[in-house]
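Reader: Could you walk me through this one, please? I have the picture open and a few things to ask.

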Amino acid sequence: MKIELNSIGTIHSPHKELEGMPIQPTGAKGVHGEIEIKDQYAAGLKDIEGFSHLILIYYLHECRNEALEVKPFMDDATHGVFATRAPKRPNHIGMSTVKLEGVDGNVLHISNVDILDGTPLLDIKPYVPQLFEDTIDELRIGWFEKNHHKAKKQKADDRFID
């Protein structure tokens, strides 16, 4: 089945190159950016200023290939792509949680941005931890357990640049 999606806006950030940018929002604390929402979707921003954080779903537009096994930034071993947050996914979809700093018309001012400048935005969802809090009884984070501490300082290298 082929699925077509439309971009609802564009994410702007100081990250102009893939190499050297933060690999996760935790490594992008204080990095500011903006989201410019297309005019036809601006009405969908009503009441968004009441949320401190947003989940952004976006298209990894610079990713040209996919791989079912990858060596992620935080590990030297190869893992299945679905057990990672690596960009070479079959559908090139990315997701980040960012802090909403303010709203100016159809522009959202955000921080903790680990996203490449010019990235097409597919959707926005408010981050509401209470919707998830009680649903995870026994959390396991697989191979991330020994590596998650690297996410704050690790920067992207050229391993996923096509």
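Reader: What pattern does the protein follow, read along the sequence?

Author: Happy to start there! This is a predicted model, where local features need pLDDT of at least 70, side-chain atom pairs count only at pLDDT 80 or more, and totals for chains, interfaces and linings use all residues. Residues are numbered from 1 along each chain as its sequence is written, and side-chain values use heavy atoms, leaving out hydrogens and water. Helices (H or I, at least four residues) and strands (E, at least two) are DSSP runs numbered from the N terminus. The protein has 0 helices and 8 strands, and the pattern reads β-β-β-β-β-β-β-β.

Reader: Which residue in strand 2 is the bridge partner of His-12?

Author: Two strands pair if DSSP finds at least two bridges between them. Strand 1 pairs with strand 2, residues 32–37, in the antiparallel sense over 4 bridges. There, the partner of His-12 is Glu-34.

Reader: And which residue in strand 8 does Ile-11 stand opposite?

Author: Strand 8 covers residues 119–126 and runs antiparallel to strand 1, joined by 3 bridges. In strand 8, Ile-11 stands opposite Thr-119.
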